[in-house]
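Me: I'd like to go through this model with you. Can we start with the charged contacts?

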Amino acid sequence: MKDALPPQAKISKHAKETIQECTTEFVGFVTGEASERCRRERRKTINGDDICHAMRSLGLDHYADAMRRYLQRYRETEELAAALNSGGGGHDGNAIQIDVRDELSIFKGSNQQGGRD
């Protein structure tokens, strides 16, 4: 949470707890919609595409677009990692990370303030 705020800003314990409760409700809301889709299609496993579809059907298109891009990058990264691991190149323990904040426009301005001149 602090990454989205100016360095001097503070967050109260109550605010953190409230955001955590809201986040839990949001995840449950989206997951419930994705679960309903899977039930209708007689599937038992919710996947990333189901989450994107749920977000769209709930009117959260902006977040669905960001999630779709994240999923695409994640899958490409997984394919690359699998290719590197099967190619005999070994594994040095370094994980490839994708920061979802890069996909959300609300963070685009704050990422550029990080000390660049």
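Reply: A salt bridge here is a side-chain nitrogen of Lys or Arg within 4 Å of a carboxyl oxygen of Asp or Glu. This is a predicted model: local features need pLDDT of at least 70, side-chain atom pairs count only at pLDDT 80 or more, and totals for chains, interfaces and linings use all residues. Residues are numbered from 1 along each chain as its sequence is written, and side-chain values use heavy atoms, with hydrogens and water left out.

Me: How many salt bridges does the structure hold?

Reply: Eight. In one of them, Glu41 meets Arg37 at 3.4 Å, N to O.

Me: What else does Arg37 form a salt bridge with?

Reply: Asp50, with the closest N and O atoms 3.2 Å apart. That pair links distant parts of the chain, 13 residues apart: Arg37 is in helix 1, Asp50 in helix 2. Helices are DSSP runs (H or I, at least four residues), numbered from the N terminus.

Me: Are Arg37 and Asp50 buried or exposed?

Reply: Both are buried, meaning under 20% relative accessible area; exposed is over 50%, partly exposed in between (1.4 Å probe, protein chains only). Asp50 has 2% relative accessibility. Arg37 has a relative accessible area of 19%.

Me: And where does Arg43 come in?

Reply: Arg43 forms a salt bridge with Asp50, closest N and O atoms 2.6 Å apart. Shared partners join Arg37, Glu41, Arg43 and Asp50 into one network.

Me: New topic. What covers the buried residues of helix 2?

Reply: The cover includes helix 1 (13–40) and helix 3 (61–86), counting contact as heavy atoms within 4.5 Å.

Technical notes: Helix = DSSP H or I, 4+ residues; strand = E, 2+ residues; numbered from the N terminus.
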